[in-house]
Amino acid sequence: MATLGVYNKKHKVTVVGSGNWGSAIAKIVAENTKEHPDHFEEEVQMWVYEEELTVPTTSKHYDPGSKFSTQPHKLTRLINHFHENVKYLPGIALPTNIVANPSIQDSVHDSTILVFNLPHQFIGGLCDQMKGHILPYARGISCIKGVSVDSEDVRLFSESIGEKLGIYCGALSGANIANEVAQEKFSETTVAYDPPPMDSRNPSQNPTPQPGTPKGHTPASSQLDLTAINEHKDTRGKTSKVRLIVPPPDLPPIDHDLLKMLFYRPYFHVQVVSDVAGVSLGGALKNIVAIATGFVAGLGWGDNAKAAVMRVGLLEMVKFGKMFFSNSVHAGTFTEESAGVADLITSCSGGRNYRCAKMSVERKVSIEEVEREELNGQMLQGLSTAKDVYGFLKARGKDKEFPLLVGTYRILQGEVKVEELPDLMVDK
């Protein structure tokens, strides 16, 4: 990859979240900050929701003579001592430059890039705690899949974070099963980031020179008053409520090249696009399609039926994006990227929504009953998304234009039988 220039300052990265996916992403980021010292500080802070535990007996670190195995210790201490998240990502060695930190305010201090990776229901409260403790020119990437939908609106988690903190935030999503990524099994992802205009206009080719670096600047950059530029467009093409602060010119610009440098590994390929809405919608709508695919699998209808459901589902995902985010969504995000078709295939092949829908048909019980019995208190995203998407479409009189998404919801409600799905899928 081509060098991005010589800069006096480096980016500091914090990963907000430390579950299995948060820890896997922190591993990738820490490997890359160490590999690219010209652009990043090596140390990566990882915020951890603090809890106490002993080392599990199944862990390679278990030692009956050790206090870590016989007495409860803070999870952050265990991570920093063993360089492994023994609870949420056991058996995976984490780079030694990851520092687990229980203080959200301390972990984000002076960080220029914030990577969010936590359950969506905690976004609001955590962002409230971060206010006043982050750099005003920080930028973010949300690894939180899906969107927030109700009858009034569809909101991207990345834009919710951005509005809460007064920063710009992109998104990362794809066919990414955390344990497989952590084990360095080959996979790929999509990073969506549409650099705000003031970042693009930042005279990044001309930072304050290092000693011995030739001076110079372009006429265009010398005439720009960067401090006067703080507006950018949201994913619907409207002027965002957020007024952004221009990053210092001594920092490498946060653009597609830098984000690929931060997330790409030989085992984790990255495609960077500008379609934040498409990437986010793909992570939500595919769960409804996965439920429908699980239904036909449960009936024993075979691979042809599953392929038919996925094809129609993909078309409706594209249609939804183009209809409600026409200013920014590209059909290719769904049909060409990991965040679209690849994630759809993975979810419709063995994801939780698919498996639980399949079992519900096979057992002749509700999918909610399977959810309670099989998921240890975890929730199926597809159930709430199907309900919310239906309410959103119904409120706009668009429900008949999405027969598969709406038909899946009607089956979940018990209004129609699973066997009627092929007829429901026909656009009438």
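**Figure 1. The largest cavity of the predicted model holds about 80 Å³ of space.** Three cavities of 30 Å³ or more occur in the structure; a cavity is a set of points, on a 1 Å grid over the protein atoms alone, where a 1.4 Å probe fits but cannot get out, and its volume is the space filled by probe spheres set on the points. Lining the largest one are 10 residues, each with an atom within 4 Å of a point. Asp 199, Pro 247, Pro 252, Pro 253 and Ile 254 lie nearest its centre. In this predicted model, local features need pLDDT of at least 70 and side-chain atom pairs pLDDT 80 or more, while totals for chains, interfaces and linings use all residues. Residues are numbered from 1 along each chain, and side-chain values use heavy atoms, without hydrogens or water.

**Figure 2. The largest nonpolar core has 114 residues.** Such a core joins buried (under 20% relative accessible area, 1.4 Å probe, protein chains only) Ala, Val, Leu, Ile, Met, Phe, Trp, Tyr and Cys residues through side-chain atoms within 4.5 Å. Trp 21, Phe 263 and Phe 320 touch the most other members. Helix α11 (residues 276-298) supplies the largest share, 14 residues. Another core, of 22 residues, lies apart and includes Trp 47 and Phe 116.

**Figure 3. Helix α11, a DSSP run (H or I, at least four residues), is kinked by about 30° at Gly 282.** The bend is the angle between axes fitted to the seven residues ending there and the seven starting there. Because 23 of the 23 residues of α11 are buried, the helix is largely enclosed by the rest of the structure. Just after α11, Gly 300 has a positive phi of about 75°.

Terms used
Buried < 20%, exposed > 50% of the residue type's maximum accessible area, 1.4 Å probe, protein only. Helix = DSSP H or I, 4+ residues; strand = E, 2+ residues; numbered from the N terminus. 1 Å grid on protein atoms, 1.4 Å probe; cavity = no way out; pocket = protein on both sides within 12 Å on 5 of 7 lines; lining within 4 Å.
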